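The sequence and the coordinates are shown first.

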Amino acid sequence: MVDLSQYLPILIFLAIAQGLSAAFVFLPIGVAYLTGAHKPDAEKLSEYECGFPAFEDPRSQFDVRFYLVAILFIIFDLEAAFLFPWAVSLDVTGWPGWITMMIFLAELVIGFAYAWKKGALEWE
Amino acid sequence: MIQVLAFYLFATLVIASAVFVIMSRNPVHSVLWLIVAFFNAAGLMVLVGAEFIAMLLVIVYVGAVAVLFLFVVMMLDIDFAELRAGFIRNFPLGIAIALVLVAELVLGIGAERAGALKLGTPDGTAAPLMDRSNIEAIGALLYSRYLFLFESAGIILLVAMIGAIVLTHRERSDTRRQNISKQVKRRPDEATINVKPEVGKGVQL
């Protein structure tokens, strides 16, 4: 069984952070509810005077290039995640483990060179 | 005692946020609830002793996959209200998938009752690594005994990278990109011309 007592401070910090953020969110709401006037009216939410109703959905579409950047980020993120257990277990796996990781890195370097050559890492 | 309390806290939050993922009307809110579910699943993984998996959940799923989902949700021009209108029509299919998942859960619990998994040791003969940490045990198995799976994971990542580039990358003809090697290769004699025009005449370049 793993010793979980080291995680207790994190749990305490988590509880404090949640309490604080809940206070930041709900305290102003409560204070405003108790002290301010609450008179909802449909006219308050309508377009003001010479304004006009919105033509289209305010959530416009994203450029697909953001997606490419995000997916490249995920792939190199996963590659880095594979490096951590490799680095701490090298004394057990030895040279075969080292060569395994070098082959893995070579596979991704091929992809990296391809992405660089195609200009996928550049914005324009 | 604290562990039991933490388990019920995380488990309740996972289930609650998973329900909100499928119930919320705004798909962006769904993705944000999914992030909450991932965080609480990481907490459950820490409780069960799989610390490396927990950190991977936070780094990869929260840090990358959720952002990707957000991009996809914001990129697609889909009327989500119209999609949700098919809820009743697709209900049998949803139930079928849910039944498959429940069957997997039952099988998993049955396998867990059959005894502990003997994943083995790096070369299959030595004594298991008992007093090593979680991440070291994973590394010792992944990079020796299961190295074929590991290398195929690398190939899959390569395919994903090249596929994403092929599908989404477009050469833009309307922008003038900087060609650094062309700039560097330029010599003074081809960059400038020395002419002596006669008086009253222009220069033809």
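Which residues in H2(B) meet which residues in H3(B)? On the side of H2(B), the residues are Pro27(B), Val28(B), Val31(B), Leu34(B), Ile35(B), Phe38(B), Phe39(B), Ala41(B), Ala42(B), Met45(B) and Val46(B); they meet Ile53(B), Ala54(B), Met55(B), Leu57(B), Val58(B), Tyr61(B), Val62(B), Ala66(B), Phe69(B), Leu70(B) and Val73(B) in H3(B), contact meaning heavy atoms within 4.5 Å. By class, this contact comprises 22 nonpolar, no polar and no charged residues (Ala, Val, Leu, Ile, Met, Phe, Trp, Tyr, Cys and Pro count as nonpolar, Asp, Glu, Lys and Arg as charged, and the others, Gly among them, as polar).

The model is predicted; local features need pLDDT of at least 70, side-chain atom pairs count only at pLDDT 80 or more, and totals for chains, interfaces and linings use all residues. Residues are numbered from 1 along each chain as its sequence is written, chains are lettered from A and ligands numbered from 1 in the order in which they are written, and side-chain values use heavy atoms, with hydrogens and water left out.

Two packed helices are described by the angle between their axes and the distance between the axes. Helices here are DSSP runs (H or I, at least four residues), numbered from the N terminus; axes are lines fitted to C-alpha atoms over the stretch in contact, with angles from 0 to 180 degrees between N-to-C directions. For H2 (residues 27-48) and H3 (residues 51-75) of chain B, the axes come within 9 Å and cross at roughly 170 degrees. H2(B) and H3(B) are therefore roughly antiparallel (an angle over 145 degrees).

A contact between the chains joins H3 (residues 64-88) of chain A to H7 (residues 147-168) of chain B, whose axes come within 10 Å and cross at roughly 165 degrees. H3(A) and H7(B) are therefore also roughly antiparallel to each other. The residues in contact include Tyr67(A), Phe76(A) and Phe82(A) in H3(A), and Phe150(B), Met161(B) and Thr168(B) in H7(B). This contact has 16 nonpolar, 1 polar and no charged residues.

As to confidence, the predictor gives the complex an ipTM of 0.74 and a pTM of 0.73. Mean pLDDT (the predictor's confidence in each residue, from 0 to 100) is 85 for chain A and 83 for chain B. Where pLDDT is low, the predicted coordinates should not be read in detail.

Note on methods
Helices (H or I, at least four residues) and strands (E, at least two) are DSSP runs, numbered from the N terminus. Angles under 35 degrees count as roughly parallel, over 145 as roughly antiparallel, 65 to 115 as roughly perpendicular and the rest as oblique.
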